[in-house]
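Q: Could we go through the pocket and the ligand in this model?

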Amino acid sequence: MKSGFVAVAGRPNVGKSTLVNALAGGKVAITSDKPQTTRRRIFGIANGDDYQLVLADLPGFQRPRDALTEHMQRTVDASLEDIDGVLFVLSARERIGAGDRFIASRVFALEVPVVIALNKVDRLKPGHIATQMQAAAQLGAFEQLHPVSAKTGDGVDELREELVGLLPEGPAYFPREARTDLPLDVQIAELIREKALHLTREEVPHAITAEVEELGDKAVHAVLYVETESQKQILVGRGGSMVKKIGTRARPEIEAVLGRAPIYLELVVKVRPKWRRDEAMLERLGI
Ligand SMILES: Nc1nc2c(ncn2[C@@H]2O[C@H](COP(=O)(O)OP(=O)(O)O)[C@@H](O)[C@H]2O)c(=O)[nH]1
Ligand SMILES: [Mg+2]
(Lines give C-alpha, C1' and ligand atoms only; values in the text may rest on other atoms or scores of the structure.)
(Ligands and ions follow the chains in the order given, each with its own letter.)
Protein backbone atom coordinates (compact mmCIF):
# COMPACT_ATOMS: atom_id res chain seq x y z
CA MET A 1 0.00 0.00 0.00
CA LYS A 2 0.93 3.67 -0.24
CA SER A 3 1.30 5.71 2.91
CA GLY A 4 2.87 8.91 4.12
CA PHE A 5 2.68 12.41 5.44
CA VAL A 6 1.63 15.63 3.73
CA ALA A 7 1.96 18.94 5.58
CA VAL A 8 -0.74 21.53 5.02
CA ALA A 9 0.52 25.11 4.75
CA GLY A 10 -1.06 28.44 3.94
CA ARG A 11 -2.05 31.82 5.33
CA PRO A 12 -4.42 32.01 8.27
CA ASN A 13 -8.08 31.65 7.37
CA VAL A 14 -7.62 30.22 3.86
CA GLY A 15 -9.45 27.07 4.99
CA LYS A 16 -6.63 24.62 5.80
CA SER A 17 -8.46 22.94 8.67
CA THR A 18 -11.75 22.83 6.78
CA LEU A 19 -9.93 21.19 3.87
CA VAL A 20 -8.20 18.65 6.13
CA ASN A 21 -11.63 17.71 7.49
CA ALA A 22 -13.00 17.32 3.97
CA LEU A 23 -10.03 15.19 2.89
CA ALA A 24 -10.23 13.02 6.02
CA GLY A 25 -13.96 12.60 5.51
CA GLY A 26 -15.01 13.93 8.92
CA LYS A 27 -14.29 16.61 11.46
CA VAL A 28 -10.86 16.31 13.03
CA ALA A 29 -9.76 19.93 13.25
CA ILE A 30 -11.80 22.83 14.58
CA THR A 31 -12.35 25.82 12.32
CA SER A 32 -13.29 29.46 12.73
CA ASP A 33 -12.70 32.83 11.15
CA LYS A 34 -10.49 33.85 14.11
CA PRO A 35 -6.70 33.80 13.65
CA GLN A 36 -4.76 31.15 15.59
CA THR A 37 -7.66 28.73 15.72
CA THR A 38 -5.22 25.88 15.04
CA ARG A 39 -2.67 25.85 17.85
CA ARG A 40 -1.24 22.36 17.64
CA ARG A 41 -0.37 19.91 14.91
CA ILE A 42 -3.34 17.72 14.13
CA PHE A 43 -3.18 14.68 11.91
CA GLY A 44 -6.20 14.19 9.68
CA ILE A 45 -6.08 10.67 8.28
CA ALA A 46 -7.65 9.61 4.98
CA ASN A 47 -7.82 5.84 4.71
CA GLY A 48 -8.43 4.00 1.44
CA ASP A 49 -8.30 0.34 0.44
CA ASP A 50 -4.69 0.68 -0.62
CA TYR A 51 -3.48 3.91 0.98
CA GLN A 52 -3.20 5.88 4.18
CA LEU A 53 -2.74 9.60 3.65
CA VAL A 54 -1.80 11.48 6.82
CA LEU A 55 -2.36 15.23 6.59
CA ALA A 56 -0.65 17.46 9.14
CA ASP A 57 -2.84 20.47 9.82
CA LEU A 58 -0.57 23.12 11.27
CA PRO A 59 -0.66 26.48 13.01
CA GLY A 60 0.33 29.34 10.68
CA PHE A 61 3.90 30.55 10.23
CA GLN A 62 4.41 33.47 12.54
CA ARG A 63 6.90 35.51 14.49
CA PRO A 64 6.80 34.19 18.07
CA ARG A 65 5.52 36.73 20.61
CA ASP A 66 5.16 34.58 23.71
CA ALA A 67 5.61 30.99 24.83
CA LEU A 68 2.40 29.91 23.08
CA THR A 69 3.33 31.28 19.65
CA GLU A 70 6.90 30.06 20.11
CA HIS A 71 5.63 26.53 20.75
CA MET A 72 3.35 26.83 17.74
CA GLN A 73 6.22 27.90 15.49
CA ARG A 74 8.40 25.04 16.79
CA THR A 75 5.58 22.64 15.97
CA VAL A 76 5.46 23.96 12.42
CA ASP A 77 9.22 23.64 11.93
CA ALA A 78 9.30 20.11 13.35
CA SER A 79 6.30 19.04 11.26
CA LEU A 80 8.04 20.05 8.04
CA GLU A 81 10.74 17.43 8.51
CA ASP A 82 10.30 13.99 6.97
CA ILE A 83 7.26 14.74 4.86
CA ASP A 84 6.37 13.32 1.48
CA GLY A 85 4.76 16.48 0.17
CA VAL A 86 3.12 19.79 0.93
CA LEU A 87 -0.46 20.84 0.33
CA PHE A 88 -0.22 24.62 -0.09
CA VAL A 89 -3.65 26.17 0.41
CA LEU A 90 -4.70 29.55 -1.02
CA SER A 91 -7.99 31.38 -0.86
CA ALA A 92 -9.60 32.25 -4.19
CA ARG A 93 -11.61 34.87 -2.32
CA GLU A 94 -8.60 36.99 -1.44
CA ARG A 95 -5.81 38.66 -3.33
CA ILE A 96 -2.89 36.30 -3.73
CA GLY A 97 -0.09 38.47 -2.39
CA ALA A 98 2.87 38.99 -0.07
CA GLY A 99 1.56 36.68 2.67
CA ASP A 100 1.22 33.80 0.21
CA ARG A 101 4.63 34.54 -1.33
CA PHE A 102 6.23 34.42 2.13
CA ILE A 103 4.79 30.96 2.73
CA ALA A 104 5.69 29.91 -0.82
CA SER A 105 9.33 30.80 -0.09
CA ARG A 106 9.27 28.38 2.84
CA VAL A 107 7.39 25.48 1.24
CA PHE A 108 9.20 25.44 -2.08
CA ALA A 109 12.53 25.42 -0.18
CA LEU A 110 11.61 22.05 1.39
CA GLU A 111 12.41 20.19 -1.82
CA VAL A 112 9.39 17.92 -1.68
CA PRO A 113 6.49 17.99 -4.17
CA VAL A 114 4.05 20.85 -3.61
CA VAL A 115 0.39 20.60 -4.60
CA ILE A 116 -1.57 23.85 -4.58
CA ALA A 117 -5.24 23.93 -3.58
CA LEU A 118 -7.05 27.11 -4.56
CA ASN A 119 -9.81 26.93 -1.97
CA LYS A 120 -13.14 28.69 -1.54
CA VAL A 121 -14.10 28.63 -5.22
CA ASP A 122 -17.75 28.05 -4.27
CA ARG A 123 -20.02 30.68 -5.81
CA LEU A 124 -17.14 32.44 -7.60
CA LYS A 125 -17.37 33.33 -11.28
CA PRO A 126 -15.26 31.12 -13.60
CA GLY A 127 -13.41 34.19 -14.91
CA HIS A 128 -12.37 35.16 -11.42
CA ILE A 129 -11.25 31.61 -10.62
CA ALA A 130 -9.15 31.55 -13.80
CA THR A 131 -7.44 34.83 -12.85
CA GLN A 132 -6.68 33.54 -9.36
CA MET A 133 -5.32 30.27 -10.81
CA GLN A 134 -2.91 32.28 -12.95
CA ALA A 135 -1.74 34.24 -9.90
CA ALA A 136 -1.36 31.01 -7.90
CA ALA A 137 0.72 29.46 -10.66
CA GLN A 138 3.34 32.22 -10.25
CA LEU A 139 4.18 31.15 -6.70
CA GLY A 140 6.61 28.36 -7.53
CA ALA A 141 7.24 25.03 -9.21
CA PHE A 142 4.16 23.11 -8.09
CA GLU A 143 3.08 19.60 -9.16
CA GLN A 144 -0.58 20.37 -9.72
CA LEU A 145 -3.04 23.14 -8.99
CA HIS A 146 -6.53 22.17 -7.88
CA PRO A 147 -9.44 24.58 -7.54
CA VAL A 148 -11.53 23.25 -4.64
CA SER A 149 -14.21 24.13 -2.15
CA ALA A 150 -13.62 22.58 1.25
CA LYS A 151 -17.09 23.76 2.14
CA THR A 152 -19.06 22.07 -0.66
CA GLY A 153 -16.55 19.27 -1.32
CA ASP A 154 -16.05 20.30 -4.94
CA GLY A 155 -12.73 19.02 -6.24
CA VAL A 156 -11.81 17.35 -2.94
CA ASP A 157 -11.85 13.76 -4.27
CA GLU A 158 -9.55 14.71 -7.14
CA LEU A 159 -7.22 16.53 -4.74
CA ARG A 160 -7.09 13.50 -2.41
CA GLU A 161 -6.21 11.26 -5.34
CA GLU A 162 -3.44 13.63 -6.37
CA LEU A 163 -1.97 13.66 -2.84
CA VAL A 164 -2.10 9.88 -2.56
CA GLY A 165 -0.09 9.83 -5.78
CA LEU A 166 2.79 11.57 -3.94
CA LEU A 167 3.08 8.84 -1.32
CA PRO A 168 5.71 6.08 -1.33
CA GLU A 169 5.00 2.44 -0.61
CA GLY A 170 4.74 2.00 3.14
CA PRO A 171 2.88 0.61 6.13
CA ALA A 172 -0.23 1.99 7.82
CA TYR A 173 1.06 4.34 10.50
CA PHE A 174 -2.29 4.50 12.29
CA PRO A 175 -5.18 2.07 12.76
CA ARG A 176 -7.18 1.86 9.51
CA GLU A 177 -10.31 3.22 11.14
CA ALA A 178 -8.56 6.23 12.75
CA ARG A 179 -9.35 9.67 11.43
CA THR A 180 -7.05 11.60 13.76
CA ASP A 181 -4.23 11.11 16.23
CA LEU A 182 -5.71 13.41 18.89
CA PRO A 183 -6.73 11.66 22.10
CA LEU A 184 -10.44 11.84 22.93
CA ASP A 185 -10.06 14.34 25.76
CA VAL A 186 -8.15 16.73 23.50
CA GLN A 187 -10.73 16.35 20.72
CA ILE A 188 -13.43 17.28 23.21
CA ALA A 189 -11.48 20.24 24.62
CA GLU A 190 -10.97 21.48 21.05
CA LEU A 191 -14.69 21.25 20.27
CA ILE A 192 -15.49 23.29 23.37
CA ARG A 193 -12.86 25.88 22.43
CA GLU A 194 -14.32 26.08 18.92
CA LYS A 195 -17.78 26.96 20.22
CA ALA A 196 -16.23 29.59 22.51
CA LEU A 197 -14.27 31.05 19.59
CA HIS A 198 -17.42 31.35 17.49
CA LEU A 199 -19.19 33.30 20.22
CA THR A 200 -16.41 35.76 21.12
CA ARG A 201 -14.37 38.41 19.36
CA GLU A 202 -11.46 40.84 19.51
CA GLU A 203 -8.84 39.72 22.05
CA VAL A 204 -11.00 37.16 23.84
CA PRO A 205 -10.55 34.22 21.38
CA HIS A 206 -6.76 34.45 21.77
CA ALA A 207 -7.04 34.23 25.55
CA ILE A 208 -9.19 31.09 25.58
CA THR A 209 -8.02 27.57 26.11
CA ALA A 210 -9.94 24.49 27.17
CA GLU A 211 -9.09 21.38 29.09
CA VAL A 212 -11.01 18.22 29.94
CA GLU A 213 -10.46 17.38 33.59
CA GLU A 214 -12.52 14.23 33.74
CA LEU A 215 -13.87 12.01 31.01
CA GLY A 216 -16.38 9.55 32.37
CA ASP A 217 -18.90 7.17 30.86
CA LYS A 218 -21.78 9.59 31.12
CA ALA A 219 -20.18 12.87 32.12
CA VAL A 220 -17.46 15.22 30.93
CA HIS A 221 -15.95 17.83 33.23
CA ALA A 222 -14.20 20.58 31.36
CA VAL A 223 -12.68 23.97 32.09
CA LEU A 224 -12.46 27.02 29.85
CA TYR A 225 -9.48 29.14 30.84
CA VAL A 226 -9.12 32.85 30.13
CA GLU A 227 -6.50 35.32 31.28
CA THR A 228 -8.49 38.07 33.02
CA GLU A 229 -11.56 38.54 35.19
CA SER A 230 -13.29 40.64 32.50
CA GLN A 231 -12.75 37.89 29.90
CA LYS A 232 -14.25 35.47 32.37
CA GLN A 233 -17.32 37.65 32.73
CA ILE A 234 -17.74 37.63 28.95
CA LEU A 235 -17.45 33.83 28.74
CA VAL A 236 -19.78 33.22 31.65
CA GLY A 237 -22.32 35.72 30.34
CA ARG A 238 -25.32 37.18 32.08
CA GLY A 239 -26.58 34.62 34.57
CA GLY A 240 -24.32 32.02 32.95
CA SER A 241 -26.01 32.34 29.56
CA MET A 242 -22.81 32.33 27.49
CA VAL A 243 -21.15 29.29 29.02
CA LYS A 244 -24.48 27.54 28.76
CA LYS A 245 -24.68 28.32 25.06
CA ILE A 246 -21.14 27.05 24.50
CA GLY A 247 -22.05 23.81 26.28
CA THR A 248 -25.28 23.38 24.34
CA ARG A 249 -23.46 23.74 21.03
CA ALA A 250 -20.55 21.49 22.00
CA ARG A 251 -22.55 18.65 23.53
CA PRO A 252 -23.97 17.01 20.35
CA GLU A 253 -20.50 17.00 18.79
CA ILE A 254 -18.98 15.54 21.95
CA GLU A 255 -21.61 12.82 21.88
CA ALA A 256 -20.71 12.11 18.26
CA VAL A 257 -16.99 11.86 19.08
CA LEU A 258 -17.66 9.53 22.01
CA GLY A 259 -20.29 7.56 20.12
CA ARG A 260 -22.69 7.63 23.06
CA ALA A 261 -25.48 9.84 24.38
CA PRO A 262 -26.66 11.50 26.46
CA ILE A 263 -23.47 12.98 27.87
CA TYR A 264 -23.67 15.38 30.77
CA LEU A 265 -21.25 18.26 30.21
CA GLU A 266 -20.11 20.23 33.20
CA LEU A 267 -18.33 23.33 31.95
CA VAL A 268 -16.76 25.98 34.17
CA VAL A 269 -14.80 29.13 33.37
CA LYS A 270 -11.61 29.91 35.27
CA VAL A 271 -9.08 32.72 35.20
CA ARG A 272 -5.46 31.74 34.73
CA PRO A 273 -3.38 34.89 34.30
CA LYS A 274 -0.80 34.75 31.50
CA TRP A 275 -1.34 31.07 30.72
CA ARG A 276 0.02 31.75 27.23
CA ARG A 277 3.43 32.44 28.82
CA ASP A 278 3.26 29.50 31.18
CA GLU A 279 5.48 26.67 29.93
CA ALA A 280 4.03 24.18 32.41
CA MET A 281 0.48 24.97 31.34
CA LEU A 282 1.37 24.65 27.64
CA GLU A 283 3.03 21.34 28.37
CA ARG A 284 -0.08 20.13 30.15
CA LEU A 285 -2.25 21.21 27.23
CA GLY A 286 0.06 19.38 24.88
CA ILE A 287 0.79 22.48 22.80
N1 LIG B 1 -16.96 29.89 1.37
C2 LIG B 1 -16.04 29.06 1.84
N3 LIG B 1 -15.57 29.24 3.11
C4 LIG B 1 -14.64 28.38 3.57
C5 LIG B 1 -14.15 27.30 2.77
N6 LIG B 1 -13.21 26.63 3.50
C7 LIG B 1 -13.15 27.27 4.70
N8 LIG B 1 -14.01 28.31 4.76
C9 LIG B 1 -14.21 29.22 5.91
O10 LIG B 1 -13.02 29.96 6.14
C11 LIG B 1 -12.82 30.18 7.55
C12 LIG B 1 -11.45 29.70 7.97
O13 LIG B 1 -11.41 28.29 7.85
P14 LIG B 1 -10.30 27.43 8.61
O15 LIG B 1 -10.38 26.06 8.06
O16 LIG B 1 -10.41 27.59 10.10
O17 LIG B 1 -8.96 28.15 8.09
P18 LIG B 1 -7.42 27.92 8.50
O19 LIG B 1 -7.05 29.05 9.42
O20 LIG B 1 -6.65 28.03 7.22
O21 LIG B 1 -7.31 26.57 9.13
C22 LIG B 1 -13.96 29.48 8.28
O23 LIG B 1 -14.94 30.43 8.59
C24 LIG B 1 -14.45 28.46 7.22
O25 LIG B 1 -15.82 28.14 7.36
C26 LIG B 1 -14.68 27.14 1.43
O27 LIG B 1 -14.32 26.25 0.66
N28 LIG B 1 -15.60 28.06 1.04
MG1 LIG C 1 -6.70 25.97 10.99
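Q: How do the residues of the lining of the largest pocket divide into nonpolar, polar and charged?
A: The lining of the largest pocket holds nine nonpolar, 14 polar and eight charged residues. Ala, Val, Leu, Ile, Met, Phe, Trp, Tyr, Cys and Pro count as nonpolar, Asp, Glu, Lys and Arg as charged, and the others, Gly among them, as polar. This is a predicted model, in which local features need pLDDT of at least 70, side-chain atom pairs count only at pLDDT 80 or more, and totals for linings use all residues. Residues are numbered from 1 along each chain as its sequence is written, and side-chain values use heavy atoms, without hydrogens and water.

Q: Which residues lie nearest the centre of the largest pocket?
A: Asn13, Val14, Gly15, Lys16 and Ser32 do, out of 31 lining residues. A pocket here is an open set of points on a 1 Å grid over the protein atoms alone, where a 1.4 Å probe fits, with protein on both sides within 12 Å along at least five of seven lines; lining residues have an atom within 4 Å of a point.

Q: And what takes up that space?
A: Ligand 1 does.

Q: Which backbone atoms lie by oxygen atoms of ligand 1?
A: A backbone N or O atom of Lys16 is 2.8 Å from a ligand 1 oxygen. For Val14, the distance from a backbone N or O atom to an oxygen of ligand 1 is 3.3 Å, and a polar backbone atom of Ser32 lies 3.2 Å from a ligand oxygen.

Terms used. Chains lettered and ligands numbered in written order. Polar contact = N/O pair within 3.5 Å; in protein donor to acceptor, adjacent residues only side chain to side chain. Sits in = over half its atoms within 2 Å of the grid points.
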